[in-house]
Amino acid sequence: MDVWELNRAREKTRRTRIINCYDNWLGIGHCWHGGNERQRRALEDVQWDQVLEGRCLLVGDFNAHSPLWNPLARARVNARPLENLVDEAGLYINNELGVPTRPKRTPGISIIDLALTTVSMGPLEMWTVDQEHPTGSDHELIIMEWTSLERISTIPSQYVTGWQIQTLQANPQALEEAKGDWQARTESRPCLGNSCSSEDLAGEAIWIQEALTAVLNRHAKQLRVTPLSKRWWGTEIKEARRTYSQARRAWQGQEISTTELREVRNSYYRAIRRAKRTCWETFLEGATDQPGLGDTARCWRALNYTKPRTMATTPTLRGPQGQLASSIDEKEALIRETAFPQTPGNSQEVEVPQGSWHGQVDEGIVKHALFHQAVQKAPGIDRLNFRALRLLWEWDSPRIVALTRQCFRLGLHPPVWKVAKGILLRKPNKPDYTAVKAYRVISLLNCLGKVVEKVAADAIAHHCETMGVLHPGQMGGRKQRSAIDAVACLIQNTHEAWKLQQLIGALFLDVKGAFDHVNPSRLIARLIEFNLDGDLIRWVQSFLTDRWVQLQIDNTQCPAHPINSGVPQGSPVSPILFIIYLSGVFDAIERRVNGIQCLSFADDIGLLAPGYSVREVCKKLQEAAKVAIEWGHGNVVQFDAGKTEAVLLTRKRGRELKDQIQRAQVEVDGHCVPFNLEATRWLGVWLDSGLNLKAHYQTCMRKARAAENRVQRLCQSHGLAPGLARQVQVAAVQSVALYGAELWWQGQKDRLVGIQLMINRQARAITGMLKSTPVGPLVREAGLAPAEALLEARQLKYTTRLLSLPENHPAKEILPVSFREGDQHTQPGEQTPGNRQWAERNNRGRWSLGQHLARQLANILPVDPSGGFESTTQTTSSQFPGQIEMLPGPEALVAAQSLPPELAIWSDGSRLENGKSGAGIAWREPGGTWKTRGFPLGKGYEVFDAELLGVVRALQLAEKVGDQSPVTILLDSQAAIARMRHTQPGPGQALVIQAHAIAKRLHARGCQTTIQWVPGHAGIEGNERADQAAKQAASKPPGRGPREISLAFTCRARTEAIIAQRQRWHNKELGQRSQQGQRTYRPQRNWRLDPAAAIAPKHLASRYFQLKSGHAAIGTYLHRIQVREDATCEGCGISRETIHHLLFECREWRHQRNRLYKDLETDGVLRPTTAEEYPQGRLSTNHGLS
């Protein structure tokens, strides 16, 4: 039946064909057979190519079961013809996932009534089961709707979504023409100045957007939305389909037999499967000659294809009060009402005086904000992504800087940047996706506006950290404060309480609505309390007001609507604004409730209460929750009592204590919250009562196994190249399995075995080696670290990171003070009991997290840590008050040689083989005499530290001279020069701060300071003299005083320890092989994939790895595993086929062998001879893939 829709003139405008089908068996023995007695399904009698034309809706009872439309179906029943039709015609399945269409009493659900639509028609706007009007049928009544003419999608098939910027950049001529076009447009339009008005600023933002769009439309290839295409479709498939159609008509006319029809049909299906497989394998293998960004992006796209598919359309939604939304308009209104609620409380605009911060906006700040945002981020409504903005920066960076500066001077966020594109996303692992709360909306904002937001976010965060106005327990939205840090603090605080025989209760609160419920007036008042500059406050006021959102639902662009709802999710400045808004609750709780400790990550709050009894713990948590709710009422913040959880952490056991915990409850805003008896999830970590994190380990391994199964599809014989496969395995599997491992690893054998087995499977997937391959060569060739080394490295890296944190960071206090600061706090009463437990070698008691981390690091250090470690502080980050020059090698050499002697001071650092370090400087006196000076450091320092010390001593020398002539300090360490650029916490911070202070004093008296890089050991006299002075200083004993260990030295010791541990494991695994196996296997020099194999096609690389390990499909191996009766070579008939025979003797492969030898000679590799003991080892290591 064809249904025509009429326009206002009552003219036929759009046709929709509705096809009702009852699919059943036909032929002899069934209800009907027509003129053909052969057994078949009713679908096979229809010429669908002639029926499915344009907009079609195919509905009916198909009497078929398949996982394609019923994920719970255990097997396919009568489904093959319908599956083929869906695949060939590209039909949408509109049934709501998991909703039965025919009730049944037996286990499982029955979904046999389907609604299918063509691509031209698109997904239905509504598909729902009507429960209110029962019928006499044993099938459900189904209601369907499609989009009316008035609500046709505003995204046509030719809608431009972006431009191929990379293709434009690869074409120098086109790029130059585009640049010239932009410059021609800007000739008569100067950059904004301090005299511009708000209207000028708003107009400039619109003009940049329109002008850049016009330039890209003219010079770059456009990206468009097109209907889904079958990339595997080709002439072979067309011909096979034509042949099958002819055969089917002949069969219906009884001209051919059923057997002949099946042969033709099977040929058609095989052609489709073969084309799909070839298309997929070609995509995975790709172009492997250059493993650049294209290949990396391809492997992540392939990983994305392995994710489970979700429904293409949004089902009928149910609101919090039970209201239903079926049409796009209804869904849009319901989603907008839920996702963007009216901001609670009154919003009163506060007059804020203009500040002076806009004067600090310079090219460096704006460039950092632009280039530290990923180019893969989706653009806003204007379609201009960060790749396009980086291109604009190359053409006209002063214009972007001027625009940013004026945004803060005027306190204005241009209106064109306030319209967000709202994308509807499903929250993962929700049981019911008909509930509107199972979705969230991500705001895609204007990318140029995001640059300004990033500048504001960095400035606000820097002010908060410098002034120390945020609560130390707030971890989210702040640099160097991760979710693992928050959980680590919780575990350490619990361990400390356990030492005092106390219990710890944890109450986990969730802020309701979070970003959406931020009251702008309260936020502005909070910013004023923090003494933030007026420019930033006024800009935040403008940023939060007069915002609009344009939702996109099922590829339909809805109209833009104004919203008044908190801070937008997706903006770089939103996280820091939210934690500022929420920061007051922690001070209020800790001030009014004694003993409470507060931790948080964004909107997830954890309250810790120690006590000697369950009742005491409950009382403290209840008081803390009451204070939090009272503070929330006064500051327009609501806590979601339904998501509140409580857990009591203790290692004590006993029936009485267990009964007390089961009966105990914490009252939160009228809700009674019991203590969880099972593990509780907080910030992605499952916390059990004893904090052994066994449940967390098991959960992570289960998730990792699921991810591993997905990734396995990409690592088949014609899958991703080994290098790309390794990237995916590490990123998608290992990261899941090892999340939080630094918190639980203490040498547990069972967990070590589980992770090692996972690594073995990963190594086989990467290399394609056989299952019988020994673990040592398997893991080594895959470039993966063994489990123990991997866990130790993760934990040591975390400990080193804790040491590098500033003193006011709460996570740094996890490590014992006696470990961080050494013996300077060894007087009675200065340390808590057991603070030096990490140094007691024979102590077998229970360890706290900090004690365990400290002992692990102390065990690998080659020097005594009694002097403590280098400390860092939270300071105002500043750039070097002078010039820093990093010229290319030849230019740097010429520049160093052309410097006047009286202007240059040469600096260098050195580290001897015995571990002692020293710095040296050299300079020439006015009379031409060379002077040198050395500064010994001793052990516990690195060349990096010596290089920084040399710069400091050179600056001190320049300051001592006392004149105003410029001075240039030359050194050959790029790492030290890069560290001199800033004073942020990290290795060498104290020396850098000292160097900046001296340079500022020199600048104040008119002396220009320049730090310049020069190639080392290039025959420059000044550099050689400084190097000799540094080596002589390193051989001398250092001065007296405390000997703290530098962070750079700690990192080096950690790296060397992990390398040694990996080698010990490898030697142990090789020791289990036979003497011949140990002699024949030659591993890579470095613990990484062979570079040639990493980019080779997977089937070729797999063969290479198999031959190298000795476990390959050759005669000797197949005979050993009893696949063959003997080891005869099938190529030449020799009685024993070995790898040596295959590579050097077999006549079957003589042409390939001669080609290999020629390639070796071309590359300068000696040809193998019979005098070598094992030449194939050298071939496989160096040029096995030639």
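A polar contact is a pair of N or O atoms within 3.5 Å; within protein, one of them must be able to donate a hydrogen and the other to accept it. I noted this first, as I looked up such contacts in a predicted model.

**Entry 1: domains 4 and 5**

I began with the division of the protein chain, which runs from domain 1 (2-145) to domain 6 (1113-1185). Domain 4 is made of the pieces 786-825, 832-870 and 1050-1083, while domain 5 covers 883-1043. I found the C-alpha centres of domain 4 and domain 5 to lie 32 Å apart. Their contact takes 7 residues from domain 4 and 11 residues from domain 5.

The size of an interface is often given as the accessible area lost when the parts come together.

Which polar links join domain 4 and domain 5? I counted 2 residue pairs in polar contact, both at pLDDT 80 or more. The count of salt bridges between domain 4 and domain 5 is 1. I also looked up R1052, which forms a salt bridge with E942, with the closest N and O atoms 3.2 Å apart.

**Entry 2: two helices**

The buried residues of α5 include L201, W207, I208, L212, V215 and H219. I recorded that the buried residues of α5 pack against β10 (160-163), α3 (165-169), α4 (172-186), α11 (386-410) and α12 (447-467).

Helix α20 (residues 694-712) has 19 residues. From its first C-alpha to its last it reaches 26 Å, close to the 27 Å expected at 1.5 Å a residue. Among the buried residues of α20 I listed H696, Y697, C700, M701, E708 and V711.

**Entry 3: two residues with positive phi**

L691 lies in the loop between β26 (685-687) and α20. I noted a positive phi of about 55° for L691, although this residue is not a glycine. L691 is buried, because its relative accessible area is 9% and the cut-off for buried is under 20%.

Q480 is found in the loop between α12 and α13 (483-499). Its phi is near 60°, again a positive value in a residue other than glycine. Is Q480 buried, partly exposed or exposed? With a relative accessible area of 36%, Q480 is partly exposed.

**Entry 4: two buried polar side chains**

I looked up H1111 in the loop between α36 (1098-1109) and α37 (1115-1120). H1111 is buried, with a relative accessible area of 8%. Its side chain makes a polar contact with the side chain of S772 at 3.2 Å.

S542 is found in helix α15 (residues 534-544). At 9% relative accessibility, S542 counts as buried. What does the side chain of S542 reach at 2.8 Å? I found that it reaches the backbone nitrogen of H413. Leaving out residues up to four places away in sequence, S542 touches G411, L412, H413 and K418.

Key: Residues are numbered from 1 along each chain as its sequence is written. This is a predicted model: local features need pLDDT of at least 70, side-chain atom pairs count only at pLDDT 80 or more; totals for chains, interfaces and linings use all residues. Side-chain values use heavy atoms; hydrogens and water are left out. Buried means under 20% relative accessible area, exposed over 50%, partly exposed in between (1.4 Å probe, protein chains only). Helices (H or I, at least four residues) and strands (E, at least two) are DSSP runs, numbered from the N terminus. Contact means heavy atoms within 4.5 Å. The expected span of a helix is 1.5 Å times one less than its number of residues. Domain bounds come from an automatic or database domain assignment. A salt bridge is a side-chain nitrogen of Lys or Arg within 4 Å of a carboxyl oxygen of Asp or Glu.
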